[in-house]
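Please look through the sequence and the structure shown here before reading the report that follows.

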Amino acid sequence: MNEPDTLGASLTRTGISRRSFLKFCTAMASLMALPPSAAYAMADALQRTQRQSVIWLSFQECTGCVESLTRSFDPTLEQMIFEMISLDYQHTLQAASGTAAESAREQAMKASYGKYLLIVDGSIPTKDGGVYSTVAGISNYDMLVETAKGAAAIVSVGTCSSYGGIPHANPNPTGAVAVTDIIKDKPVMNVPGCPPIPSVIAGVLAYFVTYGKLPELDHLNRPKVFFADTIHDRCYRRPFYDQGKFAKTFDDEGARNGWCLYELGCKGPTTYNACATIKWNGGVSFPIESGHGCLGCSEPNFWDKGSFYQPLPTPLADNAPVIAAATLGGIAVGTVAAVVSRKHQADIGTKEGK
Amino acid sequence: MDLLQFARGPALTWAFAIFVFGMSWRLLGILLLKRRPDYSEPRHATSWPGAIKLIITRSWPRREFRPRTVFGLSVGYIFHFGLVIVVFGFAPHIMFFRSLTGLDWPNLPNAVIYISGAITIAALIIVLGRRLTNPVMRLLSNFDDYFSWFVTITPVVTGMLAVAHLGARYETLLAVHILSIALLLVWFPFGKLMHSALIFISRGTTGALFERKGASI
């Protein structure tokens, strides 16, 4: 499964022409916003490189991230698995099961120790000894720590492994944490999203295979090339925001005219992702194009930031009881102040009378 | 909890609480003060028309003082109107008020808001410059004047930066903008910004007194 094999040899064996290979490299370079010359560099590097060993660990997750990747259009999953990487362990996609599956992971770790890429989706439960999610009787925590030791780098795919995600949401009953909360001594790249855009997952993997390192990251360890701009910055409805034209409901005239969804709770202005540019389903559309606001799923704690339909500038809490109590308190203190002042006024009046 | 969550959550809750507490305390403390007995014969049966009349007439300079006050008054009016347009005309602000009161009204085009915001900032800088350069005004000014100016201009500046996405990430700018509003709300009842409510009480009281005495308003 993990035989040393250059990508060039693999391509020759499968009968893929150099033209097709260059087209693929150009598409990847374009996706990553690399200069045109990078396509040739990428082709040259990939020809000579060994297929990258990848171990994919799925922890406390819903398999949405893997589902997303299997819908990747450019490159396709087939291209990824058979041309660029050697996916040595992924318990949803691999044919092996039980002891044979775990054996595949151990063999891959041994064969490429210090060189393999570790991909993680799902958060890691830490409460009660991590018993809330186990694979082959091994807790997610233990498996992550063990597998991370021999990894060249780690890619946290999805919001759960990047920030804890939905399992981390209040009250976080399993003590779910992100990969970066546990692994401190390895380069970790976060590719958040619930799920992440398939092309983004594929693009960052292509970059790592080509250059042998992670791309430039932002303060939340996200690849800048995909997470530098907000959805709002790149949204095709942005001109309506600038004009002050907003849909008030999902079926009013503004909604039908395609006006900005800010008043309907769109989190586009505070969400950094490439949905508005790369889009989904092979570039067909993204949620805002379908008439629904952005949920902000690629941001930390997106589940605990109030309703998805609550506009960004509004208060998060129901302040009515606090305001009522404060008003009553103010009335009480004001009345006492007035009584004291009136007494003082009376005293002054009495003195003036004398 | 990130900065925006803090601003939209506990910061605003505490600011609202302090604002309404302070406003009710101060307004009630003043309104319940004992009135001096007036033993003179009232010239008019009702005095409230005089209160309203004086509130209006005192909002406009008297002819004899006009040359000396027209500049300060004009700049003052400009930034007050600018603030009203920005605060009550901008769509996200209307959303904010709607979430608190349930009231809704149409928003102004963003271009109008941006221009009003820029004019308001310019006018506020001019009034500060005038306060700093005029020896008499500088002598009369204290911390309250300068801090009230600061908490007034800060939300306008941070709001403009948030809208333009200038200087930091939008979520940070929005959080700072909301925090600056929280600061304004906290200071409002206890500083000179309270004039926005007290000006009507003081002028109304004087007007009612003048009406009763038959004085010219």
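## The fold of chain B

In what order do the elements of chain B run from the N terminus on? They run α-α-α-α-α-α-α-α-α, and chain B has nine helices and zero strands, where helices (H or I, at least four residues) and strands (E, at least two) are DSSP runs, numbered from the N terminus. This is a predicted model, in which local features need pLDDT of at least 70 and side-chain atom pairs count only at pLDDT 80 or more, while totals for chains, interfaces and linings use all residues. Residues are numbered from 1 along each chain as its sequence is written, and chains are lettered from A and ligands numbered from 1 in the order in which they are written.

Along its principal axes, the C-alpha trace of chain B spans about 65 × 40 × 35 Å. Of the 217 residues in chain B, 28% are buried (20 or more other C-beta atoms lie within 10 Å of the residue's own; exposed means 12 or fewer, partly exposed in between, with C-beta atoms placed from the backbone).

## One helix of chain A

In helix H3(A), Ala38(A), Met42(A), Ala43(A) and Leu46(A) are buried. They cover an arc of only 140° around the axis (taken from the directions from the helix axis to the C-beta atoms), which puts them on the same side of H3(A). On the other side of H3(A), Ser37(A) and Arg48(A) are exposed.

## Where the chains meet

32 residues of chain A are in contact with 33 residues of chain B, contact meaning that the C-beta atoms of two residues, placed from the backbone, lie within 7 Å. The largest share of the side of chain A that touches chain B, 15 residues, comes from H16(A).
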